[in-house]
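My notes follow in the order I looked things up.

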Amino acid sequence: MFNLVLFGPPGSGKGTQSENIISQFGLLHISTGDILRAEVAAETPLGVEAKKNMDNGELVPDEVVIGMISSKLDAHPEAKGFIFDGFPRTVAQAEALDKLLEFKNNPINLVISLEVKEEELIKRLVQRGIDSGRSDDTEEVITNRIKQYHEKTAPVADFYKEHGKLVSVEGIGSIGDIFEAISAKIEHSLA
Ligand code: AP5
């Protein structure tokens, strides 16, 4: 089993690169953002509550997302590995994930951090807001999402660095070139 965390700020390309990684390496994709958006669209009680946080660019409470991850892991005992996209986003989430995976004897193998400067993140997300109308892609909400990232999510990189699992990849350039750099890191870790 191979478990990968794809880490980075909003707009760094986690979702885009996950699609390529899934098809090349056969990992099962778990995106907490996608799961939450599906809950919002279905107007479930969880979705109605989560929408309030998401629309402001705030994080959804840890216990909610940790519960979602636990169910996803249990639902896929056949998976040959998982790619975690947008999770963990706090140190508490990272510690909870370690506990869940420890229980299954399959720890996180590698954390790839996509490095993209803030100016480029804002440009990409504002453009996506125009193209797709994703409700949290307005300049005001994007600014808060990035602020939340610095305050609550960036420490997760230090957590994995201390555990010797963090590597960085330049996230600016063509999607294909970035994927090649990611693939090289995965191949190296698998070898
Ligand atoms: P989530 O859906 O996880 O959003 P995010 O982390 O803000 O990430 P994005 O999806 O915006 O960016 P991405 O890095 O995936 O980049 P993408 O590939 O899409 O979370 C949304 C909300 O849900 C949060 O704010 C929070 O409220 C809640 N939430 C989710 N998970 C949570 C958790 N664990 N705990 C608590 N709350 C949680 O690319 C972005 C754009 O750039 C696209 O248009 C793409 O086409 C373009 N692009 C990609 N690569 C390139 C490139 N190389 N060059 C040019 N453009 C590119």
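**Two helices.** I began with helix H2, residues 32-41, and helix H4, residues 62-75. In this predicted model, they pack at an angle of about 100°. Their axes are 11 Å apart. Angles from 65 to 115 degrees count as roughly perpendicular, so H2 is roughly perpendicular to H4.

Which residues make the contact? From H2 I listed Thr-32, Ile-35 and Leu-36. From H4 I listed Val-65, Met-68, Ile-69 and Lys-72. I then sorted the residues of this H2 and H4 contact by type. Five are nonpolar, one is polar and one is charged.

**The ligand.** Next I asked how many residues surround the ligand. I found 30. The closest are Thr-16, Glu-58, Arg-89, Arg-128 and Arg-145.

I also looked up backbone atoms beside the ligand. For Gly-13, a backbone N or O atom lies 3.1 Å from a ligand oxygen atom. At Glu-58, a polar backbone atom is 2.6 Å from an oxygen atom of the ligand. Val-60 has a backbone N or O atom 3.0 Å from a ligand nitrogen atom.

How much of the ligand does the protein bury? Taken alone, the ligand exposes 1000 Å². The protein buries 87% of that.

**Backbone details.** I checked the peptide bond from Phe-87 to Pro-88. Is it cis or trans? I noted cis, with omega near 0°. Where is Pro-88? I placed Pro-88 in the loop between strand S3 (82-85) and helix H5 (91-103).

My last stop was Glu-43, in the loop between H2 and helix H3 (45-56). Phi of Glu-43 is near 55°. I marked that as a positive value in a residue other than glycine.

Terms used. Residues are numbered from 1 along each chain as its sequence is written. This is a predicted model: local features need pLDDT of at least 70, side-chain atom pairs count only at pLDDT 80 or more; totals for chains, interfaces and linings use all residues. Side-chain values use heavy atoms; hydrogens and water are left out. Axes are lines fitted to C-alpha atoms, for helices over the stretch in contact, and angles run from 0 to 180 degrees between N-to-C directions. Helices (H or I, at least four residues) and strands (E, at least two) are DSSP runs, numbered from the N terminus. Angles under 35 degrees count as roughly parallel, over 145 as roughly antiparallel, 65 to 115 as roughly perpendicular and the rest as oblique. Contact means heavy atoms within 4.5 Å. Ala, Val, Leu, Ile, Met, Phe, Trp, Tyr, Cys and Pro count as nonpolar, Asp, Glu, Lys and Arg as charged, and the others, Gly among them, as polar. A residue is near a molecule or strand if one of its heavy atoms lies within 4 Å of it. A polar contact is a pair of N or O atoms within 3.5 Å; within protein, one must be able to donate a hydrogen and the other to accept it, and residues adjacent in sequence count only if both atoms are side-chain atoms. Accessible areas come from the Shrake-Rupley method with a 1.4 Å probe; for residues, only the protein chains shown count as cover.
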